[in-house]
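Hello,

Here is the structure I promised to pass on. Please have a look at it first; my notes follow below.

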Amino acid sequence: MVKAENVRKSFGKLQVLKGVSLEVKQGEVVVIIGPSGSGKSTFLRCINHLESIDSGNVIFDGQPVGFKQLANGKVMPVKGKELCQLRSRIGMVFQRFNLFPHMTALGNVMEGPVTVLGKSKEEARHLAEELLAKVGLADKAESFPSQLSGGQQQRVAIARALAMKPKLMLFDEPTSALDPELVGEVLSVIKNLASEGMTMIIVTHEMGFAREVADRVVFMDEGKIIETGTPEQIFTTPRHPRTREFLSSVLRGYEKVPYPQVG
Amino acid sequence: MQLGPLDINFILQILPNLLLGAVMTIKLTFFAIVFGTLIGLFVALAKISGIKILRWLGGLYTWVIRGVPLLLQLMFLYYGLAFAGIVLEEFTVAVIGLSVCGGAYIAEIIRAGILSIDKGQMEAALSMGMTYSQAMRRVILPQAYRRLLPPMGNEFITLMKDSALVSVICMTELMRAAMLLQNATFRPVEIFVTAGLMYLMMTTVFTTIFDRLERRLAISDGD
Ligand SMILES: Nc1ncnc2c1ncn2[C@@H]1O[C@H](COP(=O)(O)OP(=O)(O)O)[C@@H](O)[C@H]1O
Ligand SMILES: [Mg+2]
């Protein structure tokens with residue numbers, strides 16, 4: 001579904017991604033964990049080309065993201081319509097929701113299908129109502145984001161991303177901006193998606209959730225993937241000392257978080 | 001009939017001339033606002049675009065226009081163009097001068113408005129597959145618009161008052177109508193008080209409209 005090969009990315013002198021390779025298969029749920037500043041967000045943003053990459057390759061659904069090789073071997077940036085088309089098939093959910101504040105919840109979810117996919121208002125409304133119901137917010141369709149709690153906003157944001165019928169969903173710390181009591185409702189929506197077979201890459205600090213939902217857990221530190229494994233293996237027998245160190249530091253803090261640990 | 005120092009009969013005599021001038025002031029202001037806003041929008045977009053030369057040109061434009069008196073710009077346009085053999089009607093010169101000048105200030109207002117919108121909005125829009133211009137039209141500008149109203153209202157009032165400057169290029173709007181009457185009759189009190197009240201009425205109408213718009217948006221707005 002998506003394959004990143006040796007992705008490198010610098011901001012000025014600061015090299016944020018130092019050769020990251022990751023392959024995610026259809027229907028797989030990959031959770032990325034790691035200390036803040038390790039490049040997790042940047043990596044996600046390279047996948048849908050919100051950031052360009054300096055070198056390496058990102059291939060989504062058989063198509064190169066950002067750059068494509070022509071028949072004569074030359075490399076060309078992918079731009080305009082082609083890039084938009086590609087992005088429309090990758091849903092992204094942000095830490096700070098980024099709902100459009102001047103539109104209702106329904107308007108937010110309808111926006112992509114109408115503007116990007118050119119669907120009729122009716123069709124889009126129908127789809128949007130369905131998706132809002134799916135995330136448990138059928139009764140909030142006419143509310144503006146400012147009238148919703150953080151957890152509700154994030155669920156609308158998930159519905160908005162799903163409205164594009166994406167083949168891949170990227171979650172960048174979807175619950176980090178939420179009050180602890182609102183985390184559960186968002187995580188349960190994501191778990192439902194996982195059980196429906198959605199392909200997902202999730203950056204999170206919710207270790208209990210990671211353990212439950214992930215097919216594979218990736219530990220990133222200082223712009224590199226340090227260790228990859230099943231949740232069982234990463235959480236119980238981490239091989240790398242830095243993974244152990246990171247896990248013990250977050251798990252200590254994690255005892256305060258109400259989300260129940262499963263496993 | 002006398003009202004304090006004001007001779008009402010005389011005021012009634014000069015009223016038609018002043019009203020004609022006021023109509024011209026309104027016309028000038030209207031065109032200056034329309035073209036100035038268009039110029040301002042494009043220059044603002046140029047100044048935040050990823051294309052270096054556009055950013056540079058936009059910067060040059062606002063730098064020059066905001067750094068040179070409007071009076072000088074108008075004189076330069078009117079006499080300079082005539083000197084170069086390009087003769088335009090006074091009205092055309094006046095509209096060009098006022099729009100080009102207003103456009104520079106409006107560009108800064110719009111640019112600041114766009115930049116005040118959280119970066120996450122553009123990212124969310126792009127990540128859905130919108131093009132840059134779709135994101136601007138559907139997501140960024142509608143939000144910026146709300147924040148633009150107050151400074152734009154101010155700028156429109158400034159443009160209306162600055163339109164008095166086109167009197168120097170023989171454009172007979174309210175200010176020049178008043179000056180011509182003054183030269184013919186030497187009765188400054190009635191003339192300038194009446195003209196001043198006309199300006200005040202026009203600017204008040206503007207302020208009221210913008211206050212209403214702002215309040216309406218504040219109600220319909222989620223935030
Ligand atoms: N647009 C940017 N410009 C400059 N530096 C950035 C930018 N985005 C991220 N960084 C830097 O890159 C590093 C990795 O950031 P990020 O990918 O957000 O890490 P994480 O999501 O793991 O916390 C940080 O040091 C951050 O300051
Ligand atoms: Mg991050």
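Chain A and chain B bury about 1900 Å² between them, with 59% of that on carbon and sulfur atoms; buried area here is the accessible area (1.4 Å probe) that two parts lose on being put together, summed over both. This is a predicted model, where local features need pLDDT of at least 70 and side-chain atom pairs count only at pLDDT 80 or more, while totals for chains, interfaces and linings use all residues. Residues are numbered from 1 along each chain as its sequence is written, chains are lettered from A and ligands numbered from 1 in the order in which they are written, and side-chain values use heavy atoms, with hydrogens and water left out.

Back to the interface: 24 residues of chain A are in contact (heavy atoms within 4.5 Å) with 21 residues of chain B. There are 2 salt bridges between the chains, taken as a side-chain nitrogen of Lys or Arg within 4 Å of a carboxyl oxygen of Asp or Glu. One of them joins A:Arg45 and B:Glu123, at 2.9 Å from N to O.

Now for the ligand. The residues around ligand 1 (a heavy atom within 4 Å) include A:Phe11, A:Pro35 and A:Thr42. H1(A) gives the largest share of this shell, 3 residues. Oxygen atoms of ligand 1 lie 2.8 Å from a side-chain N or O atom of A:Lys40, 3.0 Å from a backbone N or O atom of A:Gly39 and 3.2 Å from a polar backbone atom of A:Ser38.

Best wishes

Key: A polar contact is a pair of N or O atoms within 3.5 Å; within protein, one must be able to donate a hydrogen and the other to accept it, and residues adjacent in sequence count only if both atoms are side-chain atoms. Helices (H or I, at least four residues) and strands (E, at least two) are DSSP runs, numbered from the N terminus.
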